[in-house]
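Me: Could you walk me through this fold? I have the sequence and the coordinates open and would like to go piece by piece.

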Amino acid sequence: MNTVAAKGLIFDLDGTLVDSHRAVELAWARWCDRHGIPLSDVLAICHGVRSEETIRRLAPQLDVAAESAWLEAVEKSLNDRVTAIPGARELLCSLPDDYWAICTSGSLPLSMPKLDRNELPLPRIRVTAEQVSRGKPDPEPYLLAARLLGLAAPDCLVFEDAPAGIASALAAGCRVVIVGDCRHEHERVLGNIPDYRQVGYHNGRLSLPI
C-alpha cells in the first residue's frame with residue numbers, strides 16, 4: 001500500500017465508477033446494425049470518447065446530433081446492465097463534497113442515472129459532454145474539472161480506465177490512477193487498481209494498493 005496526497009480527486013464514470021461496458025457495446029452494436037458499420041471499427045475508438053466524435057469519425061455523412069440522441073436513448077434503456085465498481089460507493093461516501101468531481105464523456109441525462117441507480121452519491125461538481133467543445137483525449141474536460149474544484153490540474157488525482165481519458169488527464173497535467181488492466185507508462189501514472197475495495201481516504205490522503 002502507498003499513501004498519496006491530493007488536493008482533489010476527479011473520477012471518470014464509465015468503466016471507472018460503474019461497469020457499463022456491456023450496455024455501451026450493445027448500444028453501439030445496434031447503431032452499427034442500422035448503418036452497416038463493423039462494430040469492431042467502433043470498439044477500437046469509442047471507449048472514453050464522446051459518441052458524437054466517434055460518429056463523426058466513422059460516418060460524417062450522417063446527422064451527428066440525431067444519431068447521438070438515438071444512441072443515447074438506446075443506452076439509457078440498457079441501464080439495468082450497469083453496476084457499480086466494487087468499493088466505489090464506500091469511497092465516494094467517505095469524501096467531502098467539495099473534494100471530488102466527475103468528468104465523463106457522457107451527457108448529463110445519460111450519466112447521472114447510472115449513479116442514482118447504483119446508489120452512488122451524485123457529485124456537486126461534474127463535467128459532462130455538453131460542457132466542453134473538445135472531448136477526451138483533449139485536455140479540456142480535465143482542465144475544466146480542476147478549475148471547478150478551484151485547483152490547478154497538477155494538484156488533482158484522476159481515476160480513469162480508457163486510453164482517451166488517460167491521455168486527456170495527462171495532457172491537462174493531472175496525476176492518474178488507472179482502474180482496470182489498461183497499461184500506460186508515464187511518470188504521472190501512479191499505477192493500476194482493480195477496484196476501490198482497498199482504497200482509503202483520510203484528510204486529503206489516499207491509501208492505494210499500488
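Reply: Helix α7 (residues 140-148) lies across β2, β5 (100-103), β6 and β7, running at about 165 degrees to β6. Helices (H or I, at least four residues) and strands (E, at least two) are DSSP runs numbered from the N terminus, contact means heavy atoms within 4.5 Å, and angles, from 0 to 180 degrees, are taken between N-to-C directions of axes fitted to C-alpha atoms, for helices over the stretch in contact.

Me: Before we go on, what kind of model is this?

Reply: This is a predicted model, in which local features need pLDDT of at least 70 and side-chain atom pairs count only at pLDDT 80 or more, while totals for chains, interfaces and linings use all residues. Residues are numbered from 1 along each chain as its sequence is written, and side-chain values use heavy atoms, with hydrogens and water left out.

Me: OK, what's the strand order in the sheet?

Reply: The open sheet has six strands in the order β6-β5-β2-β7-β8-β9, with parallel pairing, where two strands pair if DSSP finds at least two bridges between them. Its edge strands are β6 (125-127) and β9 (189-193), each pairing on one side only, and the twist averages 20 degrees from one strand to the next.

Me: And how many bridges join β2 and β7?

Reply: Strand β2 (residues 8-11) and strand β7 (residues 156-160) are joined by four bridges in the parallel sense, and G8 has C156 as its bridge partner in β7.

Me: Which way do the β5 side chains go?

Reply: W100 and I102 point one way from β5, A101 and C103 point the other way, and all are buried, that is, under 20% relative accessible area, with exposed over 50% and partly exposed in between (1.4 Å probe, protein chains only). A101 stands opposite I10, whereas C103 has V127 in β6 as its bridge partner.

Me: Switching to α4: which residues are buried there?

Reply: In α4 (residues 64-77), the buried residues are V64, E67, S68, L71, V74 and E75. They fall within an arc of 125 degrees seen down the axis of α4, so they line one face of the helix; the arc is that of the directions from the helix axis to the C-beta atoms.

Me: What covers them?

Reply: The cover includes α1 (21-35), α3 (51-58) and α6 (108-117).

Me: Last one, is D41 buried or partly exposed?

Reply: D41, which is found in helix α2 (residues 39-43), counts as partly exposed because its relative accessibility is 37%.

Key
The expected span of a helix is 1.5 Å times one less than its number of residues.
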